[in-house]
Amino acid sequence: MNGLGNYVPIIIGDVVAIAIAIYFISRALKINFKKEQQIKADSTIIAANEKSKTIELEARDKALKILQQSESEASRLRAEHSTEEERLQRRRVDLDGKVERLEQREQALSKRQSVLDRRANDVEKMYTDQMEELQKIAKMTIDEARGQLLAETEKDSRNDMARIIRQIEAEARAEGEKRARELIADAIQRVASDHVAEVTSSIVTLPNEEMKGRIVGRNGRNIRAFEQAAGVDVIVDDTPESVTVSCFDAVRREIGRRALARLILDGRIHPAHIEKVLGEEQRQIDKDIEEAGEQAAYDSGVAGLHTEVTRMLGRLKYRTSYGQNQLAHAVEVSKLAAVIAAELRANVEVAKAGGLLHDLGKAMDHNTEGTHAMIGAEYAKRYGVNAKVVNTIASHHHEIEQESVESVIVEAADAISGARPGARREDLEKYIKRLRALEEVANSFKGVSQSYAIQAGREVRIIVRPEEIDDLASARLAKDIAKQIEETMQYPGQIKVTVIRETRAMEFAK
């Protein structure tokens with residue numbers, strides 16, 4: 001224990017010495033670290049200073065270059081400015097010279113204008129004096145002279161114009177008539193229609209006179225039942241072995257005629273059987289109408305028509321105009337229009353359809369208000385017929401404007417079909433009325449002495465008073481009369497208007 005205690009002071013002294021040594025070593029290390037850090041910082045600062053000096057030198061170089069470029073650009077601009085200023089100065093001098101010359105010229109023009117004004121005043125005064133002198137000599141004012149001159153000029157111009165118009169019309173008529181005759185003849189020849197005229201019969205033939213009593217029945221019950229069910233009038237008169245079925249509706253008249261003929265053949269005539277037969281004939285006639293319309297469309301080569309349109313077209317089978325069957329007429333017009341359209345290179349399909357449907361309104365105009373052309377056009381439009389075809393239907397009597405050449409073709413084909421020999425016939429009363437109406441229209445014009453309707457009403461010849469109508473006025477009169485006939489009369493085909501002026505000179509030998 002004492003031995004160990006002797007070593008304690010020595011150990012403590014060693015430990016203290018070691019601690020002191022560690023302390024100084026660590027401090028020395030810290031000092032060295034700080035010195036190293038300081039050295040690094042100093043080196044960084046030195047590098048930064050050197051870099052900043054380098055950047056500053058580069059910036060100075062760039063600034064110097066920019067300054068040199070600016071001075072060079074400024075020198076160039078100063079030179080250009082100096083050149084432009086010299087040019088402007090020269091131009092200013094030139095303009096001053098031009099202004100001076102213009103002022104001198106203006107002064108010269110002013111002097112010349114003054115001289116011209118004085119001369120114009122002198123001329124105006126001389127003109128006024130001459131005009132006054134001329135008016136005194138002519139005993140006429142300027143307005144009166146101008147009016148007389150215009151009247152003479154207008155008269156000469158009208159005469160020349162009428163002469164030229166007459167010459168042109170004569171040439172056009174000669175060439176057009178030749179071409180039209182060839183075209184119409186070719187069209188009629190190619191169509192070659194075999195029908196002429198047809199009238200739906202309303203006469204029913206009886207096997208004997210006894211049948212009239214059976215038709216009338218006891219106290220007239222049979223004939224009353226028949227008339228009430230059929231909607232027709234049955235006329236039993238003194239005509240031997242026949243009775244007449246009368247009705248404004250051609251379809252109802254045909255139903256009544258067929259039913260009465262069947263009843264006569266069957267022999268059973270009483271109210272119940274009458275109604276049965278009429279019902280059967282009604283269904284049969286409806287079927288015939290539909291088939292007739294379809295057959296007409298097939299014969300004409302017109303496809304795509306609505307069923308209602310073909311059904312209404314078939315009703316034309318029982319409609320006549322001037323004795324001409326209207327369904328056959330429609331087919332003929334369609335064929336004629338197709339031939340003419342092909343020759344003129346128009347739309348053949350539109351012409352065919354327009355020709356077939358142009359008189360569609362006649363199937364319903366007896367119970368619908370309006371003209372047959374407008375009624376037919378409205379009906380066709382309602383069932384989707386082409387707009388061009390609708391226009392041909394509505395305009396074939398010039399009730400509206402014709403919008404295409406096909407409309408004109410259909411109108412011409414309609415006139416050809418109705419005007420060809422034998423196509424139509426009129427009763428005597430209507431024929432005489434039409435001839436008288438033609439003569440009345442012609443006689444209504446001033447200067448007409450006499451007028452005669454000839455050629456079955458297809459020509460009217462007018463004799464004028466020569467002292468009232470001259471040659472040029474005769475041409476105008478013919479045109480005016482033709483226009484009046486077109487506007488006031490209804491007629492098939494065309495009417496030729498001929499004005500005759502004859503001058504007679506008479507003297508007596510004494």
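Does Asn222 count as buried or exposed, and at what relative accessibility? Asn222 counts as buried, at 5% relative accessibility, where buried means under 20% relative accessible area, exposed over 50% and partly exposed in between, with a 1.4 Å probe and protein chains only. The residue has its place in helix H4, residues 221–230, and, leaving aside residues up to four places away in sequence, Asn222 touches Arg214, Ile215, Val216, Gly217, Ile269, His270, Pro271 and Ile274; such a contact means heavy atoms within 4.5 Å.

This is a predicted model, in which local features need pLDDT of at least 70 and side-chain atom pairs count only at pLDDT 80 or more, while totals for chains, interfaces and linings use all residues. Residues are numbered from 1 along each chain as its sequence is written, and side-chain values use heavy atoms, with hydrogens and water left out.

The protein chain holds 14 helices and 8 strands, which are DSSP runs numbered from the N terminus, helices being H or I with at least four residues and strands E with at least two. Of its 510 residues, 29% count as buried. Among contacts between residues at least 6 apart in sequence, 62% join residues at least 24 apart.

Two packed helices are described by the angle between their axes and the distance between the axes. Helix H6 (residues 271–300) packs with helix H8 (residues 326–344) at an angle of about 20°, their axes being 9 Å apart. That makes H6 roughly parallel to H8, given that angles under 35 degrees count as roughly parallel, over 145 as roughly antiparallel, 65 to 115 as roughly perpendicular and the rest as oblique. In this pair Ala292, Ala296, Asp299 and Ser300 of H6 meet Leu327, Val331, Ser334 and Lys335 of H8.

H8 also packs with helix H9, residues 348–357, at an angle of about 160° and with the axes 7 Å apart; H8 and H9 are therefore roughly antiparallel to each other. On the H8 side, the residues that meet H9 include Ala330, Val331, Ala337 and Ala341, and their counterparts in H9 include Val348, Ala351 and Leu356. By class, this contact of H8 with H9 has 10 nonpolar, 2 polar and 1 charged residues, where Ala, Val, Leu, Ile, Met, Phe, Trp, Tyr, Cys and Pro count as nonpolar, Asp, Glu, Lys and Arg as charged, and the others, Gly among them, as polar.

Lys317 is found in the loop between helix H7 (307–314) and strand S4 (320–321). With a relative accessible area of 32%, Lys317 is partly exposed. Lys317 and Gly293 are 24 residues apart in sequence, and their C-alpha atoms are 8.4 Å apart in space.

Another open sheet has 3 strands in the order S6-S7-S8, with mixed pairing. Here strand S6 (448–454) and strand S8 (496–500) stand at the edges, each with a single partner strand, so one side of each is left without a neighbour in the sheet. The twist averages 15° from one strand to the next. Strand S7, residues 459–464, runs parallel to S8 and is joined to S8 by 5 bridges; Arg461 has Thr498 in S8 as its bridge partner, and Ile462 has Val499. Val497 and Val499 make up the covered face of S8, whereas Lys496, Thr498 and Ile500 make up the uncovered one. Helix H14, residues 471–488, lies across S6, S7 and S8 and runs at about 150° to S8.

Technical notes
Pairing = 2+ DSSP bridges. Axes fitted to C-alpha atoms, helices over the stretch in contact; angles between N-to-C directions.
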